[in-house]
Structure formats: C-alpha cells, structure tokens
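Work through these exercises with the structure open. Try each task before you read its solution.

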Amino acid sequence: MIARWLDSDFVYSLLRTPTALISLIICLVLAACALFAPWIAPTDPFDMSSIDLMNGFTPPGVANEFTGEQFFLGSDDQGRDLYSAILYGLRVSLFVGFASVILAMTLGVTLGLLAGYLGGWVDAVIMRIADIQMTFPSILVAMLIYGVARGILPPNARADMAITVLILSIGLSEWVSFARTVRGTTIVEKQKEYITASRLIGLSHLNIMARHILPNVINPILVIGTITLALAIIAEATLSFLGVGAPPTEPSLGTLIRVGQDFLFSGQWWIIFFPAVTLLVLALSFNLLGDWLRDFYNPRLS
Amino acid sequence: MSLLEIEDLSVEFTSRRGVLRALDNVSLTLEAGEFLGMVGESGAGKSMTGNAILGLIDPPGKIVSGDIRLQGESIVKNPERIRGSHISMIFQDPLSSLNPLKTIGAQLIETIELHTPRRGTAARERAAELMTQIGVDADRLSAYPHQFSGGMRQRVVIALAMASEPEIIIADEPTTALDVSVQAQVLDLLREVCSAHGTSVILITHDMGVIGHWTDRVGVMYAGRLIEIGTTNDIIRSPRHPYTQGLIASTPTMDANVDTTLYQIPGNMPPLTAIPDGCAFNPRCPIAEDKCREVIPHLINDVACHLRSET
Amino acid sequence: MSFVEVDEVSRVFHKRSLFSKSQGVQALKNVSLSIQQGETYALVGESGSGKSTLARIVVGVDNASSGQVSIAGHQISTSMPKENRRDIQMVFQSPYASLNPRWRVHDLVAEPLRAFGITQGRKATVQRVTELLEQVGLQADDARKFPHQFSGGQRQRISIARALSSNPKFIVCDEPTSALDVSVQAQVLNLLKDLQSELGLTYLFITHDLAVVKTMAHQIGVLKQGVLIEEQSADDLFASPQHQYTKDLLAAAPVLSVA
Ligand SMILES: Nc1ncnc2c1ncn2[C@@H]1O[C@H](COP(=O)(O)OP(=O)(O)OP(=O)(O)O)[C@@H](O)[C@H]1O
Ligand SMILES: Nc1ncnc2c1ncn2[C@@H]1O[C@H](COP(=O)(O)OP(=O)(O)O)[C@@H](O)[C@H]1O
Ligand code: SF4
Ligand SMILES: [Mg+2]
Ligand SMILES: [Mg+2]
C-alpha cells in the first residue's frame, strides 16, 4: 500500500519539483511546531507568573543585562520569550486558517454542487450572490461580517468568541472560489453519459451528486483549498494586525506583528521581524504548494 | 525524389516507467498531388506520424532517429519554417483551429498575408475565392465560427488550410465528428480543392470506408510500426499482411445481414509498453512461426511480414 | 401488443430566455414505432435528428411532451417505479464519458446490482460481477482496475457488463461502436449479437453507419428532423428505399465494396 503510494505519479512529480518539495517540508514542519507548541516551547508565553518584566527587550541570542537570561529570538517588551510566542501564534494562525478553509470549502462545495446540478433559478441566485461578493475584496467582506457578528454578541462574550467570529468571517468571505470551480466541474460532469446511466436505474439526484459528481471535483478542491489556506492565513493576520482579530490573550502571528510594529523604530526590530518572517514563509509555502498541485492536476493550463 | 520522404523515423517518450517507442522505424514517401491514407487502431501512431512531420510532438517525446525531407531538404531541425506555409494541418475538431473571436474573413486574410505575397485587396479577393471554392457564400466572410454548422466549419478549416497554398495538407480524422452525409461533402470538397492545386494530402482515419472512397494509397500502422503500404485498390482487394487482412475482413459490408458474424481478429493491440518481441502482431497472427517471435520484420516490398514479403 | 411501444411521442425543448417568450425546438414529432421481443430495431438519421432524445425518453430519463412509451406493458416516465426500471438498460457512445473515471470496475458493474437489491452481501456481488465480466470477455481481476486502464473496446465491454447486471430484457444502444476502431467494433458487435441470441434481448440500436445497421437490424427506422420518415424491414429498406432522404443516405455512405 505504502509502496504503491510511493511509486505514484504524485510522489514522482513531487520529488522532481524542488520548490514543491521544500514548500511541503516547510508546511509540515511549521504545522508540527504549531501542533506540539506546548511541548516544544521553552516557556508558556501566557503564564504571567513565568514572565519577568526585567527580561523586556532582550535582543536575540544576547544575555539580558539585568537577569542574564538568554532568548533564542529575543524577548518582547513584557519580557516574553519571542520564540515561544511565535510557536503559540503559529498555532492560532494555522488553526484559524484551517478552520476557515474547511468552513469555506463545505459551504462552497455544497452551493457549487447545487448550483451546477440543479441549474435554473437556484444557480442564478447562488451565482449572483457570488458575483456580488467577488466585487469586494474578501478582507472587506470579512471585516463586515466581523463587525456584524461583534454587534450581535453581548460585550462579555466578545473576547471568548473572538476566534470563532474570526473563523466565521474568513470562512464566509472565501467560499466563492470553491463554489465557482465546483459549479463548473459539476456542469461538465452532469452532461456525461455515466450520469444518465445512473439515472436510468432510478438513483436519486442526491445520491448522484454525492457519489458520482463529488469524487470528480476533489482535485480542483484540493488545489483551491491549499491556495485559500495561504489567503486565509494572510487574512487572519491582516485582521489581527488591524486589531479586530485574535485577542491579545490568544495572540496570532498577526497580533504579534501589530505589537511588534510599535518597537520597530525604537530599534527593537526583532519583535516584528521574526513573526513577520514566519508568516511570510508559511503563506508562501502553502501558495507554492497549491501552484504545484494545480500544475500536477492540470498540466495543460501551465 | 518524392515530395515528402520519411526515412526510418523513430519517436520515443522517456518517462519513469521507461522508454516508450511511439514510432518505430517508419519509412514512407508521398508524391505530389497524391492522397495518402493512414489507417490503424487508435494508439497505432497515425497522429504521431503527422505530428512528427510538423514538429508538433509533445515533450517528453522526441525524434530519436531517422529523417523527414520535404523536396529533398531535411525539416526535422526547423519544422517551424514549413509549418502552416508548406504543410498545413486539419484537425478533428474544427473549433480548435478557428479563433472564436475573429470573423472567418479576418482569419483567412491573416493567413493569406502571412504566407503568400498577396496583401490588402488581393488577399481579400483570394479569401472570397476560397470561400466560393468551399461552397460557402463569400458574404459570410464577416460571420463568426459559432454561426456555422459543424460541416460548414470544417469546410472553412479546409479553406484556411488551403489559404497558405501549401504543398501538403495533413488531415487528422477531419470528419470523425461529422455526419455521414456531411462527411461525404467535406471529403469530396477536400479532394476537389487539392486536385485543382496539386496539393498532396495525408488523410488519417480509422474508417476503412473513408480510405476506400477518398485515397489513392494507404499505409497501415500497428503498434507504432508501418506494416503495409500500397495502392488503395491492392490493400482493400488483396491485402498481404495478416493484420491488414483481418482489418478488411472485420469491416461490415453491405453483403451482410443479421445472421452474419463479423470476422474478428483475436485479442487486442498491445500497449506500447508491452510490445512482444519480434513481430508486434505475432500473438494475434493466425500464421505466426517461431521466427516471428524473435525477429522484427522490416518493410520489404511494402509489407513488414516474414511470410508475406516475397514479390 | 409489441414488447416496446412508442406511441405518438413528441418532445419540445423550451429555450428559456429573459427577453423573448419561450421558443421551442421540436426534437421529436409524433414518433410511433414498435419493437418485437428478441429483435433489433435500428434507428438511423443525421446528427440532431432526435435519435438520442428518443432514446432518453424510452429509458425513462426524460419525459415526452406528448405521447407515451410502454415496455413489457409498463408505462415509461421519469417517475416510474424503480422496480420497472430493471428491465431497461442502455449502452452509450463514448467509452470515456459513460464510465465514472473515479470508480473501480467492480463498483461500476455492481451499481445496478445494489440499486435493485439483486445480490445480497459482498460475496454474492463479487461473484456476480466476475460472471458478468467473463460473459463479456474480460477477466475477474479486471474488477479492481479503473476505467482509464482499459482500451476503448474494453470499456464498451465494461459498459455492456454493467448493462447486463440487472438482467434486462431491453437494451438501448446509442452508437455503441462509433468511437471504436473497425477491428474492435467487430468484437463489440459480435458480442451484442451473441448476447441477444443467448439471453433473448431486445435492442433499440442507434447508429449512423449503414453497414453496421445491415449486420445488426431486423427492422429499420429513419429519423429526419424529429420525424420518422421511413420504416421497413432491413432487407426491404436496403433493397427498395422509399424516401428520397433514405436514398441519399444510402448513396453517401462510404461502405467498403470488396467484390
Ligand atoms: N436538453 C436539450 N435542450 C435543448 N435542445 C435539445 C436538448 N437535447 C436535445 N436537443 C435538441 O434536440 C434535437 C435532437 O437531439 P438528439 O440529441 O436527439 O440528436 P441525435 O439524433 O441523437 O444526434 P447525434 O447523432 O448527434 O447524437 C437537436 O436539435 C438538439 O439540439
Ligand atoms: N504525450 C505522450 N506521452 C506518452 N505517450 C504518448 C504521448 N502522446 C502519444 N503517445 C503514445 O503514442 C502512441 C501513438 O499515438 P497516436 O499517434 O496519437 O495514435 P493514433 O494512431 O490513434 O493517432 C500512442 O500509443 C500514445 O499512447
Ligand atoms: S511476421 Fe509473422 S507474426 Fe508477423 S504478421 Fe507476418 S506471419 Fe504474422
Ligand atoms: Mg489520432
Ligand atoms: Mg445522439
């Protein structure tokens, strides 16, 4: 089984495309860091008792002048270990990214299937909404949804619900590309003779959509999913950077960057630099991986 | 010297699964004004031969040996020079050769100006002339491809192929997407137009009926090899290679009725990855001998068969 | 009453448009025909003449605008009870589009078995699929493969095995060999004929190849722009075509004459 998989065209092409391979390795390493942050990180950045204000603004790799402590990537204004903060931030960023992509995917695939398969007014309504949403930058849509959700929530629930609201806003702003692609593929597949072959033995439309059409849209979904993940991570960072995303109690990479920018001009460059580089590498890797997947599944387009 | 000479042409695709020989030592000639048919099962290498002539082989495929000469001059190194001007191509799907966003006239005039000395009004007049030749009213030069039916589009593609006044047209299954009645019109037209200009045609098809009606000579391909070539009459009436014989015998004829059982060649053409040693046809051949399983038969006296090459 | 009765069937397709009242395309006009059990009725006609439209109505995946179809005494429509669908199957033109590329051969052939609850349990299904594959000249271990691992002719065999799986009495073949090479076509046509005599199948056979019609059909209908313009037994039609269109069609057919 594993041997067969290792022998597949997928692995063959992956091994022969260095950018894709490196991207994949980076993605996996970063994902592992995020997953195991509590075990890897030297300190818990949110355990106030372990943080010593005296350690504030320690440059990377240099011993603190008062306490003599060293930090691999330096410390922030509060004396928090930046390396640990980034690991935990990565955790939040990736979680929000994955969760919102899954939301966008579920919504987009369902609506795209229905629009493509049923056609008629269902298609018209779904695709008009998609068109309208596409005319606005998705970050704007996300901010709008964010604003509405915050308005509805009681003030005391806002902090607790911040991450959920974030996922909801990004998820709802990214479904369109899934829906469009799935709709296109569905329209092509639904005209094929194997659909008639299933209809004539009396199978239901729902059955046909789920068992015949869905498996045929998986490849494009995978491609869009990977690229959207990069977009979602950036969107999350942007929202958090603007102060409307992850709360300071659960900082994401975006929150760290926002905090860091205050100190950029006073010389503490590392506080913004390392989180920003991590974000960049993360988003870029997913994007490159998505590009390769697209070329792999659709060599004619490249 | 013939108009086109293909000599020992081999094309290979190298992939992780090994080397795949899509064309194996194919040699043939095409005379001026001749209609040469190419038949064989799908995957036998008919299109590959046409594509090789035009230098249109998709990577990683490449010509590994042999030569292609147009009027004595090798065209393997720089096929761009002859593509479209000296040799044009007609594909199965007319829409793939037509630009949906430009009028038929614009496309014709563009081709004429690119490949012939005619400019401006002269090019326009020539375009109108071509339209008349293909039996479409010259007024329709301003029409777009989607406004035409499938048969009309394929006629326009013929006009487009003729526009550059080529020596050779390669037509790859030009009528497979069309109706029988439309097919007859399109092929009649192709013959008529080409005879008038002395243009040679390589007609690629898997339809023996088309071969019988519209070609002068036929090459039969099997598993990347040319296994027999001859005049259409000889190939249909007295085929010599056992595969050609089977092919002719399995074609339904008007003498049949419901009680007829068609002749059937046993087995299937092997994939190019699993061509047997010796003659590629030997596992299916009713008269195969030991030698057939060991030695590849070469094209001698127009037949590639150990037992049928004499005279 | 014949096994298959098509009675005054018409089909109008409405092109919905925002700006104009619905314009209709009449794909079929009052088509009536009947097919005797165990025989092959060949339907010929040019592209767009309505052959596939009729086929879709006859197998109950599309409804006639007016008129009716009955097979073995059951009324055919898209809403007919599933039980009545067992007797009717179809083999399509494209060896590529008629098999879902994501499904294994086993699942493709077993889909009707499951849909009609014909076999109980995995083991019985596997055994029936094996039988069917062998019946059409494939092997038991082909069941594990995907359609793209087969040639065009082999894929048509898979389609035929699938169509046979519900033990149908009637099979509509919509240009089953137009996409195949002659030598492969001969194999598929012979297979269809053998199955007919073995299982007593009734065929509605759609094609535009007159030589194929000659080897397959007992009865022939000629469809032109949705109208059945001529209908005769195979021998009579070729000997004395009545309609000018039929004569033209016979004249245009590039048929090999070896004699
Ligand atoms: N869903 C549809 N909507 C609108 N018009 C349709 C539809 N299906 C078929 N038609 C029209 O009905 C007519 C008959 O079509 P049909 O597919 O039955 O032709 P056919 O005889 O099977 O042709 P071919 O040989 O090309 O398969 C055509 O004019 C076609 O454009
Ligand atoms: N890009 C490719 N990679 C590998 N093999 C190819 C490629 N293109 C064509 N071939 C192989 O070359 C052979 C000849 O193909 P072709 O000339 O298209 O056949 P046909 O006789 O049907 O026109 C086929 O077996 C095909 O699988
Ligand atoms: S060489 Fe041998 S196997 Fe090949 S066709 Fe001739 S007799 Fe048959
Ligand atoms: Mg080809
Ligand atoms: Mg049809």
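**Exercise 1.** Find where Gln225(C) sits in chain C, then describe its phi and its exposure.

*Solution.* Step one: locate the residue. Gln225(C) is in the loop that links β9 (219-224) and β10 (227-233) of chain C. Step two: check phi. In this predicted model, phi of Gln225(C) is near 45°, a positive value, and the residue is not glycine. Most residues other than glycine have a negative phi. Step three: check exposure. The relative accessible area of Gln225(C) is 52%. Exposed means over 50%, so Gln225(C) counts as exposed.

**Exercise 2.** Describe the shell around ligand 2 and its polar contacts.

*Solution.* Start with the elements. In chain B, β2 (18-30) and α1 (46-54) each give at least two residues to the shell. The largest share, three residues, is from α1(B). Next, sort by type: six residues are nonpolar, four polar and two charged. Phe13(B) and Leu272(B) are among the residues around the ligand.

Now take the contacts to oxygen atoms of ligand 2. A polar side-chain atom of Ser47(B) is at 2.5 Å. A backbone N or O atom of Gly43(B) is at 2.7 Å. A polar backbone atom of Ala44(B) is at 3.3 Å. Finish with cover: on its own, ligand 2 has 570 Å² of accessible area, and the protein covers 67% of it.

Methods. Residues numbered from 1 in each chain as written. Chains lettered and ligands numbered in written order. Predicted model: local features only at pLDDT ≥ 70, side-chain atom pairs only at ≥ 80, totals over all residues. Heavy atoms only, no water. Near = heavy atom within 4 Å. Polar contact = N/O pair within 3.5 Å; in protein donor to acceptor, adjacent residues only side chain to side chain. Areas by Shrake-Rupley, 256 points an atom, 1.4 Å probe, with all protein chains shown as cover. Helix = DSSP H or I, 4+ residues; strand = E, 2+ residues; numbered from the N terminus. Nonpolar A, V, L, I, M, F, W, Y, C, P; charged D, E, K, R; others polar. Buried < 20%, exposed > 50% of the residue type's maximum accessible area, 1.4 Å probe, protein only.
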